[in-house]
Amino acid sequence: MPATAIEAAYAPVTAEDILRVPVASDLVELAFSPRQQAVFVAAPDWEDETRSRVLRLAPDTLAVQAEIALNGKGFGVALDDAASRLYVTQGFNGAISVVDTASNRLIKQIPLMEKVHFASEFKRLNFSEIRSDFLLKALERFKITEDYPHKVREMVVDTKRHRLFAPGLGLGFDSVLFVIDTRTLTLEKVIEGFGYNAVGIALDEAGGRIFVANMAGQLMVVDADTLALKKTLEVQADQLLNLIYDPEHNRLFGVDQGIDRDDWRHNHLEREYRHRSEGHRLFTLDADAGTVISNLPTGEVPIGLRFDAARQRLYVTNRAGVRVATGNGSISVFDTAAYQPLQTIALPPHPNSLALDEAANVLYATVKNDGGTKQARQPEHVARIRLSAR
């Protein structure tokens, strides 16, 4: 499709196209369910995690239709709409929760790991004194001596193979990939070897490939059938936080966040890491070789992304700072045929996660507080963005 045809068809979003609704004190990721005609959003509670829940919202008004109680803080979400299941990572609880989206109830919490005593585990793994001291001092600031060794955030559902895949980034440890059997809702396997802070994940369901990106410039490819780690590619993006696979063109989209993690990364690698990217970018990579197809600037600190294959659009949330008093976040819109920016939509303070209703051409986003609104104890928002009907 020629680039000019896509550009001509795009009508910029205006303020009148955006509905913002305050929803809860904290919001993270969300998903749109065509089957249920509902938006589901993770709403962790930092003061009392027993009040954490998943909220079901009406897609037109964003009114809360149901509150689904969780037994721990929820973060990332992955939807299996055909099975009426929403998977929710509980990053600080070493587990994944399973929600029935038809009955609006929690089905099960799947444990992924046991707690460890960090000093003992670092010693058992023969960490160097420098590496161990750095980590223990960092944990001491949070008064942590024992906890779950990995945090879990992102997931992908492989409906063909009845599996859920979730990277676990290690608190000082190498990252792993958790594999859950979605028929039995039990942990099937833990795959090791994913290096420093693996978070980004994408699925090539037809090709049987799982792509996992870490924050040390690496892209790993896992065989979805055998669960073997097949290869590790060195790429020109330092920290691909989130990934999307486009099967039609065999390409990966990923955001390189640009946050300074040098002290932690150098400590983990036990060497100086040489930067490959200036960060705050959207990368398009060849899924076979990991080579760069395009490299485009986003706003500051890109977080989430959503791809509309039919319209060749990609949407990226830009946080615009971390722990700032006043946030000026935005959403970048890209033409993925011509690899060009189309619009930057202001959505302060900090847009975070995206979901898309492709049939209605409506984009949903969680909008998190900045320092000022958080101190004022204002609720966080969900935004409904009406896109061009053309």
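Which helix do the buried residues of H4 pack against? They pack against H3. This is a predicted model.

**Helix H4**

- Helix H4 spans residues 262–269, and its buried residues are Asp262, Arg265, Asn267 and His268.
- The partner in this packing, H3, covers residues 129–141.
- Glu270 follows H4 and has a positive phi, near 60 degrees.

**Aromatic pairs**

- The structure contains 12 aromatic pairs.
- One of them joins Trp46 and Phe75 in an edge-to-face arrangement, with 5.9 Å from centre to centre and 70 degrees between the planes.
- Trp46 belongs to the loop between strand E3 (38–43) and strand E4 (53–57), while Phe75 belongs to the loop between strand E5 (64–69) and strand E6 (77–80), so this pair ties together parts that are 29 residues apart in sequence.
- Trp46 has a relative accessible area of 46%, so the residue counts as partly exposed.
- Phe75 has a relative accessible area of 7%, which means that Phe75 is buried.
- Phe127 and Phe173 make a tilted pair, with centres 6.1 Å apart and planes at 50 degrees.
- Phe127 sits in the loop between helix H2 (118–124) and helix H3 (129–141), and Phe173 in the loop between strand E14 (163–170) and strand E15 (176–181); the pair links distant parts of the chain, 46 residues apart.
- Both Phe127 and Phe173 are buried.
- Phe127 and Phe173 also belong to a cluster that ring pairs build together with Phe118 and Phe122.
- Over the ring of Phe127 sits the charged end of Arg131, 3.8 Å from the ring centre.

**Nonpolar cores**

- In soluble globular proteins, nonpolar side chains tend to be buried together.
- Here the largest nonpolar core has 19 residues, and the members with the most contacts inside it are Phe253, Leu282, Leu305, Leu314 and Val316.
- At least two residues of this core come from each of strand E21 (240–246), strand E22 (251–256), strand E25 (302–308) and strand E26 (313–318).
- E25 gives the largest share of this core, three residues.
- Beyond its neighbours within four places in sequence, Val316 is in contact with residues including Val255, Leu282, Leu305, Ile331, Phe334 and Leu354.
- Another core, of 17 residues, lies apart from the largest one, and among its members are Ile96, Val152, Val176 and Leu185.

- Thr336 is located in the loop between strand E27 (330–335) and strand E28 (340–346).
- The relative accessibility of Thr336 is 3%, so this residue counts as buried.
- A polar contact of 2.9 Å joins the side chain of Thr336 to the side chain of Gln312.
- Once neighbours within four places in sequence are set aside, the contacts of Thr336 are Arg251, Phe253, Phe307, Gln312, Arg313 and Leu314.
- Of these contacts, Phe253 and Leu314 are also listed among the residues with the most contacts inside the largest nonpolar core.

- Strand E23 (residues 281–286) and strand E24 (residues 292–297) run antiparallel and are joined by five bridges.
- Thr284 has Ser294 in E24 as its bridge partner.
- Five residues lie between the two strands of this hairpin, where Gly290 adopts a positive phi near 80 degrees.

Note on methods:
Residues are numbered from 1 along each chain as its sequence is written. Side-chain values use heavy atoms; hydrogens and water are left out. Rings of Phe, Tyr and Trp (its six-membered ring) pair if their centres lie within 6.5 Å; planes under 30 degrees apart count as stacked, over 60 as edge-to-face and the rest as tilted. Helices (H or I, at least four residues) and strands (E, at least two) are DSSP runs, numbered from the N terminus. Buried means under 20% relative accessible area, exposed over 50%, partly exposed in between (1.4 Å probe, protein chains only). A charge sits over a ring if NZ of Lys or CZ of Arg is within 6 Å of the ring centre and within 35 degrees of the ring normal. A polar contact is a pair of N or O atoms within 3.5 Å; within protein, one must be able to donate a hydrogen and the other to accept it, and residues adjacent in sequence count only if both atoms are side-chain atoms. Contact means heavy atoms within 4.5 Å. A nonpolar core is a set of buried Ala, Val, Leu, Ile, Met, Phe, Trp, Tyr and Cys residues joined through side-chain atoms within 4.5 Å. Two strands pair if DSSP finds at least two bridges between them.
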